[in-house]
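Have a look at the model first.

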Amino acid sequence: MSKLKQTYNSFYAKFFLFDDRLVLMIAGAVVGIFAGLAAVALRLSLASVLEFFTPYRQYAWAFILPGIGALFSCLFLDKVMREGAGHGVPEVIYAVSRRGGLLRFRSTFSRLISSFLTIASGGSAGPEAPVVMSGSAIGSNIAKFLGLNDRQRMTLVGCGTAGAIASIFHAPVAGLIFSVEIILGEWKFVNIIPIAIAAVAGAQVCEAIIPTKELFQPPPFSIFTGDILGSIGLALFTAVISVIFTRTLRKVGGLAKRTPVSPWLRALIGGCAVGSIGIFMPMVLGEGYHPIMEMVGGTFPMAFWLIFLGIFLKIFVTAITLGWGGSGGIFAPCLLIGSLSGVVFYKAMMFIFPNAAVTSEGAYALLGMAGIMSGVMQAPLSSIFLIAEITGGYEAILLLLLVSSISSTLSHIIEPASFYFKDLIERGEFMRPGTDARVLSDLSLNEIIDTSYTTVSENMVFRKFINIIRNSDRNHYPVISDETGDYLGMVRVSSIRKYTLDPAFYDMIFLNQIMDTDMVTASFDDNLHDVLEFMETFNIDHIPVVDHHRFSGMISKARILDLYRRELIMQTNIQ
Amino acid sequence: MVPRRLPMNYKLLHIFRNTPFGRETFLQSLHFCKTINAHPVVYIPKTDKFLMYFSNDVVQVNLDNSFLAFPDTAHEHVIALFDEAGIPPRFYEPKDFTASTLPDISSQFDYMCSPRSISDRSSKIGLGHLGPKVRRMIKQATFPILIASPVFKAWKSISVFFGGSSNAMNALVLGLKVAIASGCPLKIYTVLEKDTEEVYRNMVRDSELEELVDQYVNEWCFYESTGFDRMLYEVPHDSLIVLGAYGHGVIKEILLGSKMEYIQSTVTNNLLVTGPNCRISLK
């Protein structure tokens with residue numbers, strides 16, 4: 001047994017410890033395959049169940065289906081999986097920002113099942129966020145199994161995201177870019193290679209099981225000069241719709257939290273509301289890929305005003321579905337809202353300028369999708385490449401660039417945080433690598449704190465204290481209560497000079513008479529950012545850490561600077 | 001007066017349950033803290049689950065509804081119990097949340113009272129098998145876990161189960177640490193499975209603990225390989241048992257079962273368990 005172990009250790013040392021990039025590449029491929037399988041499983045199961053329910057949607061009682069789906073989805077997440085609420089992507093970003101990419105094992109499948117229940121029953125949500133959550137959790141848990149460190153684990157989380165997106169949309173480049181742009185937030189050579197491998201692996205898994213080319217196949221179209229102006233107008237329109245969508249999602253979610261009913265009842269009510277709207281306008285139900293195909297193909301039959309109404313109804317039902325207890329993502333709703341916006345804009349443009357030389361309605365549906373995705377996610381590159389890949393052509397790449405850039409910029413001006421980041425920013429937990437906040441958050445007080453300080457008693461006579469400072473090079477002496485052991489104050493050598501120069505005081509005063517009780521203190525609950533702010537505000541170089549009234553040690557600016565520099569170098573790989 | 005080094009500055013995390021059973025467990029935590037001069041920090045849960053992030057794992061702890069019972073009086077009850085013990089009350093409020101209903105509880109504590117007894121089922125209260133969450137917590141935690149007895153029982157001595165593994169060595173150091181802090185008598189219990197007494201004594205010598213063992217250990221009891229159950233019976237009922245857990249490989253544990261689980265399901269004593277990631281220092 002021990003020989004086998006030795007052989008394994010020697011193999012591991014030779015092939016894996018030699019260069020950790022090799023480990024990440026191999027593990028990335030494995031993560032990509034598993035994430036791809038998860039995405040394909042969800043996609044196939046959704047397709048078959050949605051097809052099964054289609055004939056029943058015309059009946060009046062069908063309004064209850066999304067309600068039942070949302071109810072089961074909520075119960076499954078809350079009672080069976082005991083997962084927290086949320087659609088997943090912010091949770092993955094939080095794990096990467098604050099927790100070294102640690103995700104629970106149950107997250108590898110919990111959102112897949114809950115979103116399946118929501119979407120298959122007709123809830124308005126997309127399967128992409130759940131597969132991102134699932135893929136990321138697969139990456140995190142494989143990293144845990146291999147005993148990888150935080151940075152390697154985060155890379156594998158990115159691999160999982162890329163594999164999942166690449167598989168569900170059959171779009172490997174979009175998977176790579178989404179993973180780096182949204183989840184990891186850093187473009188580094190060491191990350192990009194394994195993530196690219198994972199994206200290819202995910203896409204190939206999809207290709208092997210569902211051998212279709214692109215999700216949406218638009219007819220060929222030509223671009224005219226007039227389309228430049230048209231695209232600018234569409235970008236402005238989609239930016240406004242994006243902001244409305246983002247704000248509605250948050251408002252409806254907030255309203256749900258304030259509604260005094262149990263979460264499962266809330267999900268049932270929300271689902272039934274969605275089902276009721278779906279009876280009058282079935283296209284707002286589910287992921288909505290079918291109407292998108294029609295719009296992209298230029299064969300969408302609806303009238304202008306109905307399409308216009310459809311934009312807002314889709315926004316509303318998505319907000320109800322996700323805010324009131326359903327499970328799923330906003331990718332697919334963004335695509336439908338975007339294509340509806342593109343078609344509406346095209347129809348309005350043709351009404352005002354009937355002779356304008358512009359491209360087809362289907363092309364504007366594509367541009368609208370890019371505009372809404374860029375506006376909501378504020379990640380233009382992901383949107384551009386996703387739309388280019390899922391439609392199988394780069395003919396419209398210039399217009400996609402234009403629409404995405406303007407839409408994301410304008411949305412950013414009106415709504416500075418994207419839907420994915422807003423909650424995290426408000427909680428102060430959105431930290432990208434290499435930023436001041438992230439470097440400070442990655443340093444723990446335990447690393448920085450100096451515990452080798454000598455404490456002194458409150459009742460110590462000054463003469464004894466003089467003997468202590470004579471044999472020590474410290475400038476700070478924490479004073480401790482004899483009775484409780486609690487921290488009482490600090491004696492600073494610099495502030496007791498008048499007593500040290502006059503021996504008459506030596507036997508007259510005790511430390512509790514001369515200690516500084518107003519010195520600001522920090523605790524282990526404070527983050528380093530707060531500690532540095534204390535130091536700046538009070539113009540001090542040292543601060544005592546007092547945790548639950550007990551003196552734990554001192555923090556100095558010099559020590560923080562040393563460790564800050566080391567951490568910054570590690571995060572940015574620059575010397 | 002001689003200047004002192006840092007005082008005992010340890011913190012024990014206690015998840016409070018506002019029921020009579022929860023009171024017993026909390027009394028046990030208070031007694032433990034008073035005896036070793038540590039401070040209990042109480043978390044009164046507002047949600048039925050929380051997460052603890054460790055260096056290579058994240059553990060979700062699910063609480064049953066009794067932990068959320070009578071929230072209006074929970075705070076008041078905790079303060080009353082603190083007052084009774086003469087310890088200033090300290091509470092923990094989570095700052096970070098993985099999701100809105102999923103708070104992250106800090107893992108920066110020195111001890112934690114296991115929320116193992118988080119079950120309404122009597123088989124799991126006190127005796128019975130540990131849940132997978134507690135097992136994972138013990139495996140990942142960098143601090144020892146106190147598994148409190150079902151009814152408050154003031155322990156008066158310390159019993160270290162020493163089997164020679166690295167975790168057992170950790171447990172021995174912890175036992176010494178608790179003995180030094182509390183002044184309680186310490187006994188070591190060893191079952192001679194493969195090795196002789198001399199081997200175990202050499203292990204202690206090699207770990208440079210011989211002097212401390214001579215100074216603080218009252219007795220080192222050895223039992224033959226079949227004497228494990230006899231040993232469990234001979235451990236005083238009012239002794240704090242300190243032991244290491246999960247010192248063997250996964251396969252061995254699956255095949256042979258865990259000694260710790262057997263002990264936990266056999267004796268009613270308070271257990272202080274060190275896992276493989278536990279860092280015990282005598283400093």
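Which residue follows α12(A), and is its phi positive or negative? That's A:G298, with a positive phi near 75 degrees. (Helices here are DSSP runs of H or I with at least four residues, strands are runs of E with at least two, and both are numbered from the N terminus.)

A quick note on provenance: this is a predicted model, where local features need pLDDT of at least 70 and side-chain atom pairs count only at pLDDT 80 or more, while totals for chains, interfaces and linings use all residues. Residues are numbered from 1 along each chain as its sequence is written, and chains are lettered from A in the order in which they are written.

Back to α12(A), residues 289-297: A:P291, A:I292, A:M295 and A:V296 are buried, meaning 20 or more other C-beta atoms lie within 10 Å of their own, with C-beta atoms placed from the backbone. They sit on the same side of the helix because they cover an arc of only 135 degrees around the axis, taken from the directions from the axis to the C-beta atoms. Their cover includes α14 (331-352) and α15 (361-377) of chain A.

Now the chains. In chain B, 28 residues are in contact with 32 of chain A, where contact means C-beta atoms, placed from the backbone, within 7 Å. β2, β3, β4 and β5 of chain B each supply at least two residues to that side, and β5(B) gives the largest share, 4 residues.

| Class | Residues of chain B on the side touching chain A |
|---|---|
| nonpolar | 11 residues |
| polar | 9 residues |

Ala, Val, Leu, Ile, Met, Phe, Trp, Tyr, Cys and Pro count as nonpolar, Asp, Glu, Lys and Arg as charged, and the others, Gly among them, as polar.

Key: A residue is buried if 20 or more other C-beta atoms lie within 10 Å of its own, exposed if 12 or fewer, and partly exposed in between; C-beta atoms are placed from the backbone. Two residues are in contact if their C-beta atoms, placed from the backbone, lie within 7 Å.
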